[in-house]
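The following paragraphs lead through a protein chain and its two ligand surroundings. Please keep the sequence and the coordinates in view while reading.

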Amino acid sequence: MAEYNKLQPDLSFVRNVMEAGGDTVKRCYQCATCSVVCPLSTPENTFPRKEMLWTQWGLADKVAGDVDVWLCHQCADCTVYCPRDARPGDVLGAIRASAIRYYSRPKALADMLSKPGGVVGAIIAAAVFILAVAAMWAQVTGEGFPFPEGVVVYDKFLSVIPIDAVFLSLVAFVLFVCYNGVINFWGDISKGAGLPLSYTGSVPTPSLGTLLGKYTWPAVSDILSHARFKKCGQTAERARGHLWLLWAFIILFVVTNFVFVAEDLLYNAMHLIGPVTPMPLYHPVKLLANFGAILMISGIWLIKTMRDKKTEENVLKSSAQDWTLIWLIFAVGATGIGSEVFRLINVAQIAYPVYVFHLACVFVLFLSLPYTKFGHLVYRSTAYVFQKWAEDVKAGRAGFGLEKPSGAGEH
Ligand code: SF4
Ligand code: SF4
């Protein structure tokens with residue numbers, strides 16, 4: 001008697017995708033128009049038609065193992081041409097949102113940070129926490145709290161020691177969650193990519209050295225130039241805003257690390273140099289920091305404007321999560337510039353509260369990395385690296401011993 005493979009639909013996966021903005025998925029009737037217009041589709045790999053079917057059927061494992069989901073930049077060409085208004089571009093966006101939630105731990109944080117109210121609550125909680133740390137620090141230093149005496153200097157309110165303690169703990173936590181998520185994600189896409197198995201029957205796994213040495217730079221170079229993003233059709237103008245934002249994050253990352261090394265390590269911890277903050281406005285690092293902040297605000301504003309326009313044109317569907325992340329990034333940039341301006345004009349009653357709000361927004365933005373759409377940075381980058389490595393494995397260029405070595409297993 002013939003054996004049949006029974007499908008095991010995961011209805012919670014379908015529900016999650018529909019709730020995350022993919023509620024049109026069931027309209028798809030598999031005409032494949034989307035695959036004709038999608039730049040990622042090939043005759044052997046009809047993307048995203050098959051992903052629409054897998055999602056309708058609740059085949060969560062298939063979708064989780066599909067790296068193409070992460071190579072799609074939501075250009076929305078498929079959405080525009082779909083005759084059933086099934087909006088495959090939006091469905092793929094919802095699949096990515098569900099995947100980020102799936103790979104994150106603890107889930108409670110993902111649930112909280114996916115809602116605007118949760119993000120506002122997190123900012124308030126972070127601000128209260130920062131104020132509590134500053135109050136304790138004032139006991140140590142004898143400075144006034146919440147407004148230290150004299151000209152506005154943020155070091156008097158909260159010096160590098162408590163700030164480093166708070167933010168380095170956060171960095172360690174976020175990196176740990178991201179690491180776990182990426183390992184599980186890599187495992188899933190490795191299983192789903194149809195890679196040739198090794199002679200032991202296992203899916204090939206690259207060494208970290210191979211990945212970093214050979215595959216990371218080509219992927220990073222793609223990301224830094226947004227080369228793929230620029231090929232998007234209906235939403236190509238999104239590339240500029242995203243690119244500005246990416247470079248703003250890179251610049252601010254460099255500046256923050258410079259201050260950490262120079263002020264916190266070389267000055268405060270080792271006493272090898274004098275203090276480097278507050279920096280004069282003409283200091284090259286200060287100039288770079290201000291450039292980064294302006295780039296961040298301009299980039300996020302471009303993204304917001306484009307999203308408004310494309311939502312109005314019915315090309316993109318924007319979820320509450322999309323808008324929350326946009327406003328959170330905007331708040332980080334605006335409060336950063338506000339802290340500097342009110343410090344320079346020396347208005348303590350505004351400067352210190354704005355500074356606390358800025359630190360709280362930075363805290364929540366960083367915390368949201370593994371839990372929200374911000375996680376695209378992590379998973380899409382991983383997908384880029386994976387794709388380049390998988391191409392080499394399939395073409396036999398990755399140097400894996402897929403064949404059984406002579407003598408192996410013989411006794
Ligand atoms: S998503 Fe739309 S275009 Fe694509 S197969 Fe389904 S109905 Fe056709
Ligand atoms: S949004 Fe663009 S890249 Fe993504 S599936 Fe649709 S056509 Fe393809």
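The residues of the shell around ligand 2 divide into 11 nonpolar, three polar and one charged. In this classification Ala, Val, Leu, Ile, Met, Phe, Trp, Tyr, Cys and Pro are nonpolar, Asp, Glu, Lys and Arg are charged, and the others, Gly among them, are polar. The shell of ligand 2 holds 15 residues, the closest being Cys38, Cys72, Cys75, Cys78 and Gly89; a residue belongs to such a shell if its C-beta atom, placed from the backbone, lies within 6 Å of the molecule. Two or more residues come from each of α6 and α7, and α7 gives the most, with three residues. Helices in this naming are DSSP runs of H or I with at least four residues, strands are runs of E with at least two, and both are numbered from the N terminus.

The model is predicted: local features require a pLDDT of at least 70, side-chain atom pairs count only at pLDDT 80 or more, and totals for chains, interfaces and linings use all residues. Residues are numbered from 1 along each chain as its sequence is written, while chains are lettered from A and ligands numbered from 1 in the order in which they are written.

Ligand 1 is surrounded by 13 residues, and Cys28, Cys31, Thr33, Cys34 and Cys82 are the closest. The elements that contribute two or more residues to this shell are α2 (33-37) and α3 (49-57). By class, the shell around ligand 1 comprises nine nonpolar, two polar and two charged residues.

The overall architecture comes next. The protein chain contains 17 helices and zero strands, and its C-alpha trace spans about 85 × 65 × 35 Å along the principal axes. Of its 411 residues, 36% are buried, where buried denotes 20 or more other C-beta atoms within 10 Å of a residue's own, exposed denotes 12 or fewer, and partly exposed lies in between, with C-beta atoms placed from the backbone. Among contacts between residues at least 6 apart in sequence, 72% join residues at least 24 apart; a contact requires C-beta atoms, placed from the backbone, within 7 Å.

The chain is divided into domain 1 (11-103) and domain 2 (107-394), with bounds that come from an automatic or database domain assignment. The centres of the two domains, taken over C-alpha atoms, are 28 Å apart. Across the boundary, 24 residues of domain 1 are in contact with 30 residues of domain 2. On the domain 1 side, α1 (11-22), α4 (60-64), α5 (68-71), α6 (77-81) and α7 (88-103) each supply at least two residues; α7 gives the most, with six residues. That side of domain 1 has 12 nonpolar, five polar and seven charged residues.

Several local backbone features deserve attention. In the loop between α5 and α6, Gln74 has a positive phi of about 55 degrees although it is not a glycine. Ala76 lies in the loop between α5 and α6 and has a positive phi near 75 degrees. Gln74 counts as buried because 21 other C-beta atoms lie within 10 Å, and Ala76 counts as buried because it has 27 C-beta neighbours inside 10 Å. Arg105 and Pro106 are joined by a cis peptide bond, with omega about -10 degrees; Pro106 is found in the loop between α7 and α8 (107-113). The peptide bond from Phe145 to Pro146 is cis, with omega near 5 degrees, and Pro146 is found in the loop between α9 (116-141) and α10 (154-157).

Two helices illustrate helical geometry. Helix α11 (residues 160-192) has 33 residues and should span 48 Å at 1.5 Å a residue; its end C-alpha atoms are 46 Å apart, which agrees. The expected span is 1.5 Å times one less than the number of residues. The buried residues of α11, among them Val177, Phe185 and Trp186, pack against α7 and α17 (376-394). Just after α11, Gly194 takes a positive phi of about 70 degrees. Helix α12 (residues 208-225) reaches 24 Å from its first C-alpha to its last, close to the 26 Å expected. A kink of about 50 degrees lies at Tyr215 in α12, shortly before Pro218; the bend is the angle between axes fitted to the seven residues ending at a residue and the seven starting there.

Finally, Ser319 lies in the loop between α14 and α15 (320-344). Ser319 touches Ala20 and Gly21, residues up to four places away in sequence not being counted.

Technical notes: Two residues are in contact if their C-beta atoms, placed from the backbone, lie within 7 Å.
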